[in-house]
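Let's take a walk through a protein model together. Keep the viewer open and find each residue as we get to it.

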Amino acid sequence: MKTKGGLPVFLLLSVVLLSTVPTTFGSTAIGVILDDSAQIDDDHLARLFARVDVPDDGNVTEEGLRPVVARISGDDPSAAIWHGCRLVEEGVLALLSSTGCRSLLVINSVSATLRIPHVATPVRSCPTGVMPRGESIAVPYTFNMRPRPEMHARALRDMVNTLTWTMVTFIYDHDDGLTVMKNLLEQLVADGRPLNAVFLKIEWDTEDDLRRTTDERVRNLLEQGIKPTSFIVYGRSALARTILQKADKYSLLTRETQWIILQEESVKVPKLFATGIVTFFRLTFSRATYSPRSKVHSLYMQDAVSLLRESVPEAHASVAWAPSSPPSCGFGPNKVLNEDRKLTRILATSKTTGVSGTVQFDDAGWNNSSRWEIINVEFMDRNGTIAHKIGSWDAVRGLQLKEPLFTRHAVTDRLLRVSVVVEEPFVMKRDTPAGPVFYGFCIDILDQMAKDHNFRYDIYETPDRKFGVQLDNGSWNGAIGQVLSRHADIAVSDLVISAQREEVVDFTKPYLDYGVRLILKKPVDKEQNWWGFLAPLDGTVWWSILGAVFGVSVLLYILHRYSPYGSYRQPHGEEKHHSDLKETVWFIIGSLMQQGGEPIQNFISGRILSTFWWFFVLIIIATYTANLAAFLTVSRMDIPVRSVQDLAGQVNIKYGTVRDSNLQSFFRSRSREGGMYERMWNFMVGSEPSAFVDTTVEGLERVQQGGYAFLWDTAVLEYEKNRKCDLIIVGDPFYKGGYGFAMPRGAPYRDDLSMTILRMQGSGHIEKLQTKWWTTNSTCSDEEATVVETTKVEFVGMAGVFAVLLMGCALSVIALLMEMLWHLLVTKQHGTPDRHGPAEIPPPQLPNGDLFV
């Protein structure tokens, strides 16, 4: 009986002894501390520690790792410290834990006190304080496989900086979320972008508690009059799933709201009837081992075991592992297992690749090498969801986005949110009992886009009715601001494509050319002018012609008087005819009036002068006749300014443009360059009352009141001119560009919409729409709508013909001198008295000698 009864006792004692003394034959003991939340069973743990990657080259020892497991109930620090000391006293080489944050803190203390390495894979991210480090410690003893909470805050900061948030509602279920949010707010303040925050803590143990508590907290938030539009959710996967359901219930998951869910584990997205977009920010793991049921701390533990498996043989190869006795947590002096901390140093400098990516610890023992992926999940009403990866984040490269956050991925079979600015004829609005109806040139283009790509759209008017400029605080207003805040998928209007706007949004291809001109109130017709026939030529020209008439007349008289072959030197028979001054004046005037009957100039100098005078008369008469026709046929208007240069050079007419518009930004930026634009900007800014108007309609009303010129888009002004016949457009276009539709940066449907515009331009559809909206409904005649500019002919334009006339005068004088010289030579050669003198002709006598009187 004793023998039979002693055998079981012996076997029981053997089992106890074998379980308390670590086996050193072929394996190294690793102490493993798990709590209930780890949910790692013995089979799974055995698979993690199994040697499956022993190489065949024989260089690695066959010694493996053997887990010595201690389980605690809940996050219990007392049990954690007791089991930690027990495992160390049993001779484990290192500790591996997967517990809550409070248990992790005491295990860290055991590790630091007994100088034994500890690799932690906590069930959730813990605050930085769980890993204290004294100044005298050169190498940490605890190595956390998770990244610092500050890394979460850095990633959120990079994401928030791409948005236009000013307030956020932060929803969390554990105090470590406060650490992340505190770091986020501090970093944003350092960036100069402070963010107001509303904190909503959801405390729960069971999912029933979670649903009830979440519903109460969200309802209380809305009852206080707070309806936030920006959210950050930080917590367990059940919290993310439940909060999305409640957000759908209370209409907080819409196109106007933006959600960022920082989630380490996979979330099963519920089926909702929402139309919003949620951005998930989660850890990236190897797809070979990662599944929706995988727990993050379990995957980290797999990497931790691999890290220990690589590090232990290296430590064994360089240090003798034969301690005389294990260390103790008792009151006596502690004995250290590894005095030179070789394994600890190897872990501190190790770098490996696991299912979580690169594993490498910083100086404090944190693994900050984790990589995060950013996924947009778009809820499509009853059509389910669309999920697509849009970027990634890591501590080295920061935020890498292929598409903007909250961007809708596809355009086909989609409902797009369209923001418009009413501006005739691009977008017009008609109020009906069923609500406003929008129509116009841009809406026709949008309809064609929807037809080509099979999507629907919902239009709303931009709240501030502005196109969009950048404000002093860096934000944008108007339609551009709606696109940046993701309230709109596309902005449709006569938006000008500018470099500043292109930096923050994307545009389609230009659908129409853009240019700026000025519009004025059409001046009244001039009163009837009796002297209008003098208008074609400038006064200087008229006086010059008058001077030429008398000047040439005098010169021609001189030629007749002194030329040997002129009328004064020739016999005329009984009826003498001398070309005196009045005769030459009459001859010149008759030629000018293109009348005949002039005496024939039978000497060379007179003919030369007459020829040049006739040429002068030909040019003058032709110019006068042509210009007179223009003056008699065009509208008789006195336009005060005819160009932007004229406008900048005067101070009597005020001028301006729309406030907070792209054109106002243009004048502001160009004013720094000096010159004409600086004068115009200073004049507009200094005008009282203000030269700027809030809308185009207000600007046109001021123009119709008189004394004001409005600078705006040529296309809009042409439309208004064709319907308001008392307006007139003058000047050539400046600040040229194009119109386009705006959408978020990287929007995947931009190219599709641009292709529609190009096809419409190639087929002539755009031109047909222009005719439809600009020309067909015009109420003004072409004559009333068009102003032909006519100018008087000034002396500068006629100087050439006067110069030719002077040259003719000079040639005639030279010819006169040559005639006199020639006559002198002939007289001397023949000795003949001058028979051309009228005083030497003897009077006729009668036969009886009497004179015939």
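Start with Glu207 and Arg241, whose side chains meet in a salt bridge, 3.5 Å from N to O. A salt bridge here is a side-chain nitrogen of Lys or Arg within 4 Å of a carboxyl oxygen of Asp or Glu. Before going on, keep in mind that this is a predicted model, where local features need pLDDT of at least 70, side-chain atom pairs count only at pLDDT 80 or more, and totals for chains, interfaces and linings use all residues. Residues are numbered from 1 along each chain as its sequence is written, and side-chain values use heavy atoms, with hydrogens and water left out.

Back to our pair. Glu207 belongs to helix α7 (residues 207-223) and Arg241 to helix α8 (residues 237-249), so the link joins distant parts of the chain, 34 residues apart. Helices (H or I, at least four residues) and strands (E, at least two) are DSSP runs, numbered from the N terminus. Glu207 is partly exposed, with a relative accessible area of 38%, and Arg241 is partly exposed too, at 21%. The cut-offs are these: buried means under 20% relative accessible area, exposed over 50%, and partly exposed in between (1.4 Å probe, protein chains only).

How many salt bridges does the structure hold? The count is 35. One of them joins Asp191 and Arg157, with the closest N and O atoms 3.7 Å apart. Here Asp191 sits in the loop between α6 (176-190) and β7 (196-201), while Arg157 is in helix α5 (residues 149-160), 34 residues away in the chain. Another joins Asp694 and Arg659, with the closest N and O atoms 2.4 Å apart. Both of these residues are in loops: Asp694 between α19 and α20 (696-705), Arg659 between β23 (654-656) and α18. Asp694 is partly exposed at 42% relative accessibility, and so is Arg659 at 25%.

Now for the rings. The structure holds 30 aromatic pairs. Rings of Phe, Tyr and Trp (its six-membered ring) pair if their centres lie within 6.5 Å; planes under 30 degrees apart count as stacked, over 60 as edge-to-face and the rest as tilted. Take Phe441 and Tyr511, a tilted pair at 6.0 Å centre to centre with 45° between the planes. Phe441 lies in helix α11 (residues 441-453) and Tyr511 in the loop between β21 (505-507) and β22 (512-521), so this pair ties together parts that are 70 residues apart in sequence. Both Phe441 and Tyr511 are buried.

Why is the pair of Phe666 and Tyr677 edge-to-face? Their ring centres are 5.4 Å apart and their planes are at 80°, so the pair gets that label. Phe666 is buried, with a relative accessible area of 8%, and Tyr677 is buried at 14%. Ring pairs link Phe441, Tyr511, Phe666 and Tyr677 into a cluster whose members also include Trp774.

Finish at helix α2 (residues 42-49), where Leu45, Leu48 and Phe49 are buried. They cover an arc of only 90° around the axis, which puts them on the same side of α2; the arc is that of the directions from the helix axis to the C-beta atoms. Turn to the other side of α2 and you find Asp43 and Arg47, which are exposed.
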